[in-house]
Amino acid sequence: MLNLARLPVPEDNAAIALRRLEAGERVELPDGSVTLPHTILEGHRFAVRSIRAGEPLLSWGLPFGLARTQISPGDYLCNEKILLTFAERRVGFHYPSVPNFSDHRVSFVFDETTFQPGRQVCAAESPRSFQGFLREGTRGAGTRNYVVVLGTTARTGSHAKSIAQQFQNVRASFPNIDGVVAIAHTEAAGPNHPNNFETTLRTLEGFLLNSNVAAFLALDLGMEPLTNVHLLNSLSHRKNLLDSIPHHFLTLDGNLSQGLARAAEAVAALLPQANACRRTAVSLRHLKIGLQCGGSDAFNGISANPLIGWIAKETLRHGGVANLCETDELIGAEPDILSNVRDVSTAYAFLRHRDQFQAWAHRHGHSADGNPSGGNLFRGLYNISIKSIGAARKRDPSVRLDYVIDFSEPMPEAGFYFMNSPGNDLESISGQVASGCNLILFATGNGSITNFPFVPTLKVMSTTNQFRGLSREMDFNAGRFLDGEPIDALGAEAFEFAVEVASGRSSAGEKAGHSQVQLWRDWHLSLNSSPTNDTEGTAFFPAAVPPPLAGSVDVRRVCDWGVYLIVPTSLCSGQVAQKMVERFNKETSSYRFVTLPHTEGCGVSGGECERLLLSAMTGYLVHPGVRRALLLEHGCEKTHIDSFRNFMTTRSLDFASLGTSSIQRDGGLERVTEKVRDWFDKTSDRSSSQSGIRSSSFLRVGLLIPAHLDPHQGSRVREFIETLTASGVVVCPVETPWLDPLTTNPLDYGQPFSLPGLHFMHCPTQQPIEILSGLGATGVDVLVLFSDSHAWPAHPFIPTLQIGFTMEEGFDANFSHTNKEWLARVTEAAAGRMLPAMQARHQVSFQITRGYTGVSL
């Protein structure tokens, strides 16, 4: 049976198919040969012996389901989720019509009366070293030497990117510096104190103190919920570490251009100091590795996860550190995780974080059962139990769990750590980096683009076939174990490869130029909030998308503008879409390519969160300012191409006119890039003939108004809105002051409008970037933001006009201008004759809200 399927342990009653097994195929099982009644996909499970109704289904000796009925040898094992996945994916083969097992996981109770303290692996006889950057004090040694430009909140992320971009060729003059990189994230930009304030602050602090950081600049505006002052105060208890790092904290107040010039000067001043540090031989005890998995399949637990567990074991033998995380992806694997643990208190600390995570998710109407993505399910991870049991293999059985820490807490001692975190890859990696990890080992079955800006990621693929298709994006093929190579030989080879990467060899992600940052995103309900239930994700307004706008009004658009849009279906394909757009715009001036990278669609809950993403991104796909649009998936996310097809089909929208491409199914980065470019080239002539149809005589405006207006200001804004409404379309958030939302046309978040006049958009967020992103999806030509503080980042392609109470740089008008002057500027921006100030400076941002109940999983 070894050439057809694999049993993780002999006592299992469920085997994993190593290849697609066809219906009618004769297979040899432990108790004899059987004819398969159904086609079984690669990575999916089938029974190898009879299982009575009510009996557990076992993998690695642990239960992942209970038989609903008698199951015979050779039967395809299917739960409700996998059958729904087949229906959504429209698979072209006959599969069982009803599930034969229900999800189940072990009910674990820790018994301290029988507990025996675990033992750690023995120290290596011969000390090893790697070529690293030795830091002053107790920061250890880095595997890289980066200068970091930190946007302390989402409001300064675009500024950080623009500064870092100025130093992209830094190595030509400073060869010991690996680069100047921006850290831009989505957090702490709303008007209120966020629930994740402490987590965000601790994570940013850990970033700056990471051993891979040679120097840093932190940028804020000085008025956000989290500022540089908070960061400095938090760092005061680690002042000796901060003083050992060349750094600068800068508040961008007053003139924006002058502030950004000062920021660039500050970075330039840090470069000689950062360049003074050179690689030298340092002990492997300075290696701190984060253990990760993402885009997982059924083989991760057999090959890739055990392989990086082997590397972790060897790292510990040389005095280093390993960090395992993703709390919800270990639920159901507690017997494995706690089979070798330092002491009783460590075991209870792990279980306490598990229970708190489940309670936190439940408070928002979710559970860990929502963790597996569509790609996980389709590649054989039927439920969280199977996923967790395989994920736990990143801890080798001989390795002891030494310490348990919360998200982004430091790791001062050598040993094996568990860090509390969500299963979201990018968010959990941020926690590991903040805890001190200077190398990430990433197991994957479907492939992944994940790579942190200043910490290299070594990607380990679970199967040989998948590795061949994505060999330029992956670093090591763990599928060789499934092909028959011994795990110890593979482990030794992979460990040496990891040491080479730590010593400066570029990982596949670094060669591709990918980098992503996402902090543990804020959650809406506090610890004292009542639980909610949003598992169905009912729309706030009717979900039907209205037909296109028709009619004529007085104010005219005089310019036919339009972009070619690549929409990433999830965070997993955002970086690839960004690279495509940069390349295509360099190669041609005939079209303007745009993408909308975001942080959603994978590693998050379903319900409202998923609906909001599908609604808003669909709005952009049919936006009148978009000439041609293409959906780009990675292939393993929750919101894949089929999710959008089904969403649009149920709303009678034209899906067939869109382009589609998949990084995994289309053969990796180079092939998918060429496919996307070919599609736009072939359809560009068609799109130009549609320009007259897509043009409109309506002026369509999305407005965002601050809550703090005096009566005179409020009266002027209301008058301005009445003028716009009389001659076109205005969309505002429901909570807009000075206006009554009950007398107007309601829209869901990102839902296109169908009638002229005033509309109010359901807006389950107070974060202006998320509000603007939702308003843009409704189909408006221009966004108008009234701001009582600094200018905000603009939308990536919709003109974003900002009207301030002062005439600080970044604003396009102020309250000293008349309403007629405001209207003239809006008309000019909508027509394409005026480029708003923040877009002229390339200060743009985009983010979809998770709503009131969305959480990281």
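Contact means heavy atoms within 4.5 Å. The model is predicted: local features need pLDDT of at least 70, side-chain atom pairs count only at pLDDT 80 or more, and totals for chains, interfaces and linings use all residues. Residues are numbered from 1 along each chain as its sequence is written, and side-chain values use heavy atoms, with hydrogens and water left out.

**View 1. Ser244 sits in the loop between helix H5 (239–243) and strand S14 (247–251).** Helices (H or I, at least four residues) and strands (E, at least two) are DSSP runs, numbered from the N terminus. Ser244 touches Glu136 and Arg139, leaving aside residues up to four places away in sequence. Is Ser244 buried or exposed? Ser244 counts as buried because its relative accessibility is 15%. Buried means under 20% relative accessible area, exposed over 50%, and partly exposed in between (1.4 Å probe, protein chains only).

**View 2. Helix H2 (residues 157–165) has several buried residues.** They are Gly157, Ser158, His159, Ala160, Ile163 and Ala164.

**View 3. Helix H3 (residues 197–209) crosses helix H12 (residues 425–435).** Two packed helices are described by the angle between their axes and the distance between the axes. Here the axes come within 7 Å and cross at roughly 55 degrees. Axes are lines fitted to C-alpha atoms, for helices over the stretch in contact, and angles run from 0 to 180 degrees between N-to-C directions. H3 and H12 are therefore oblique to each other. Angles under 35 degrees count as roughly parallel, over 145 as roughly antiparallel, 65 to 115 as roughly perpendicular and the rest as oblique. On the H3 side, Arg202, Thr203, Gly206 and Phe207 make the contact. They meet Ser430, Val433 and Ala434 in H12.

**View 4. An open sheet of 3 strands has the order S6-S7-S8, with antiparallel pairing.** Strands pair if DSSP finds at least two bridges between them. Strand S6 (56–59) and strand S8 (101–103) stand at the edges with a single partner strand each, so one side of each has no neighbour in the sheet. From one strand to the next, the twist averages 40 degrees. S6 and strand S7 (residues 62–67) are joined by 4 bridges. Ser59 has Leu62 in S7 as its bridge partner. Helix H11 (residues 384–391) lies across S6 and S7, at about 160 degrees to S7.
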